[in-house]
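Open the model in a viewer and keep the selection panel at hand. The tour below goes from a sheet to a helix on that sheet, and then to a pair of helices.

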Amino acid sequence: MDLAATTHLPSMENQAQASAEIKLLVLDIDGTISGKSNKISKPVKKAIAAAQAKGIQIAIATGRMYRSALRFHQAIGSTLPLAAYQGAWIQDPATEKIHRHLTVPREIASQLLDYFEQPQLRSLLSVHFYINDQLYVRELTPETKLYAKRSGITAIPVGDLRQALDNEPTKVLALSDDSEVIDKILGNLRLQYTPAELYLTTSVATFFEATHPSVNKGTAVRYLAEELLGLQSNNVMTIGDNFNDLEMLEYAGIGVAMGNAPADVQAIANWVAPNVEADGAAAAIEQFLLS
């Protein structure tokens, strides 16, 4: 089956009706509008600009730090607040107003650190605490150095991460080059913490992420659409590529998964675009907003 042609929109007539109602497009960054190059390609920029010319508002919802996501927000000329850290931090770059900042309780952050520092896990993981839009780490591992370079940020090594817990983290991340280790951690911690205590997800196969329980990209997109713009879900289109995009794909009137998304993410989407290296986001915009 050609996944790029997969659609859960019942008919061309209904697709045209759904497309006509879209007033807000929300985009993920990594794996969606940015691939190996760590930049937005010209075709994707052109499609975004064409959608904006039709009066469609564009926003970004990402797992990245605010400071790391800012250049992408600027590159697409968004005038809306930027939703970073899976939506835990929503800030308007123009006014610098922080609309939302939800943190992981200090006690739970400490418990997660205890878990990550078990003898069988400690050497397999690089643990990141994101506090006040700064990245704190135990030490600068090769994985952390690569992450920091791609993110365009400086990691701050502090030895014992408990020293950084004077303030509560916006996000806790455990990074491993072994995706099976991350899968196991996600499964185990989902048994220890209910969704009312922590939001747990993976943004790529090697990143385990924990945030405040009210945080996910779905609630972030809902805030942008309903609270700021007075829109409803049927006025929203979202494009994403991983499990941390599930909630925003489910919320939107049109939810598009990238061709490089895991099968479970593709399964809940209305449409599956080509992969990121084939400018799938541009194809999705052309399919639904420009045709």
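This is a predicted model. Begin by selecting the open sheet of six strands, which runs in the order E8-E7-E6-E9-E11-E10 with mixed pairing. At its edges are strand E8 (155–157) and strand E10 (199–202), each of which pairs on one side only. Look along the sheet: from one strand to the next the twist averages 25°.

E10 and E11 are joined by four bridges in the antiparallel sense.

At what angle do H2 and H11 pack? The angle is about 25°, and their axes lie 8 Å apart. H2 is therefore roughly parallel to H11. The crossing in which H2 passes H11 is left-handed.

Finally, display the side chains between these two helices. H2 contributes Pro43, Val44, Ala47, Ile48, Ala50 and Ala51 to the contact, while H11 contributes Ala281, Ala282, Ile285, Leu289 and Leu290. Colour the contact residues of H2 and H11 by type: eleven are nonpolar, with no polar and no charged residues.

Key
Residues numbered from 1 in each chain as written. Predicted model: local features only at pLDDT ≥ 70, side-chain atom pairs only at ≥ 80, totals over all residues. Heavy atoms only, no water. Axes fitted to C-alpha atoms, helices over the stretch in contact; angles between N-to-C directions. Parallel < 35°, antiparallel > 145°, perpendicular 65-115°, else oblique. Left-handed = near helix turned anticlockwise from the far one by under 90°. Contact = heavy atoms within 4.5 Å. Nonpolar A, V, L, I, M, F, W, Y, C, P; charged D, E, K, R; others polar. Pairing = 2+ DSSP bridges.
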